[in-house]
Amino acid sequence: MFRYSLVGYDGSPSSQRAFQTAVALARCGQGRVRVVSVLQVTEGGADACALMMADSSAQRAQELLDELVAMEPDARDMIDVEVTHGSPGDVLLGQVEQRGVDHIVIGHTERGTLARWLLGSVSSDVLARAHVPVTVVP
């Protein structure tokens with residue numbers, strides 16, 4: 001079984017299902033779940049991003065934990081949360097190396113061709129580059 005599953009979380013229904021799937025798997029094997037919410041800054045530079053993160057990351061992390069515990073109240077002790085910034089695929093894959101993650105659970109929302117071309121698909125990016133098992137939840 002997986003010891004440490006990583007969930008990319010953006011609040012969407014598919015990311016909520018990914019979180020619930022990871023918790024169910026963690027319960028089976030006495031594992032842990034790391035939930036990472038990645039904020040993308042498209043306007044402004046690195047300074048604006050750093051200021052935004054310094055002002056709000058602790059508050060956002062607490063709000064994220066509260067939201068997750070509301071979905072799975074008895075899972076509080078098995079959840080780690082982090083709110084960070086960057087490219088979602090890069091951040092999630094970086095967590096695998098930095099945190100000893102052995103499994104990724106990620107939601108997938110179908111986008112149109114133009115949106116996928118413009119924005120990319122985080123799940124496709126992670127699937128293409130991950131060196132650990134990946135579960136994609138619709």
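User: What share of the contacts in the protein chain, between residues at least 6 apart in sequence, join residues at least 24 apart?

Analyst: That share is 75%, with contact meaning heavy atoms within 4.5 Å. Bear in mind that this is a predicted model: local features need pLDDT of at least 70, side-chain atom pairs count only at pLDDT 80 or more, and totals for chains, interfaces and linings use all residues. Numbering starts from 1 along each chain as its sequence is written, and side-chain values use heavy atoms, without hydrogens or water.

User: What makes up the secondary structure of the protein chain?

Analyst: Five helices and five strands, in the pattern β-α-β-α-β-α-β-α-α-β along the sequence. Both kinds are DSSP runs numbered from the N terminus: helices are H or I with at least four residues, strands are E with at least two.

User: Why is Ile 106 called buried?

Analyst: Buried means under 20% relative accessible area (over 50% is exposed, in between is partly exposed; 1.4 Å probe, protein chains only). Ile 106 comes in at 3%, so it counts as buried. Leaving out residues up to four places away in sequence, its contacts include Ala 18, Leu 92, Val 122 and Val 136. Thr 135 is 29 residues away in sequence, yet the C-alpha atoms of Ile 106 and Thr 135 are 6.4 Å apart.

User: What is the order of the five strands in the open sheet?

Analyst: S3-S2-S1-S4-S5, with parallel pairing. S3 and S5 are the edge strands, as each pairs on one side only. Neighbouring strands are turned by 20° against each other on average, direction ignored. H5 packs on the sheet, touching S4 and S5, at about 160° to S4. H1 lies across S1, S2, S3, S4 and S5, at about 150° to S4. Axes are lines fitted to C-alpha atoms (for helices, over the stretch in contact), and angles run from 0 to 180 degrees between N-to-C directions.

User: How do you know that the span of helix H3 agrees with its 12 residues?

Analyst: The expected span is 1.5 Å times one less than the number of residues. For H3 (residues 88-99) that gives 16 Å, and its end C-alpha atoms are 16 Å apart, so the two agree. Gly 100 follows H3, with a positive phi near 70°.

User: Which residues touch the most other members of the largest nonpolar core?

Analyst: Val 7, Phe 19, Val 33, Val 35, Leu 68 and Ile 79, out of 21 residues. H1, S2, H2 and S3 each supply at least two residues of this core. To qualify as a nonpolar core, buried Ala, Val, Leu, Ile, Met, Phe, Trp, Tyr and Cys residues must be joined through side-chain atoms within 4.5 Å.

Key:
Two strands pair if DSSP finds at least two bridges between them.
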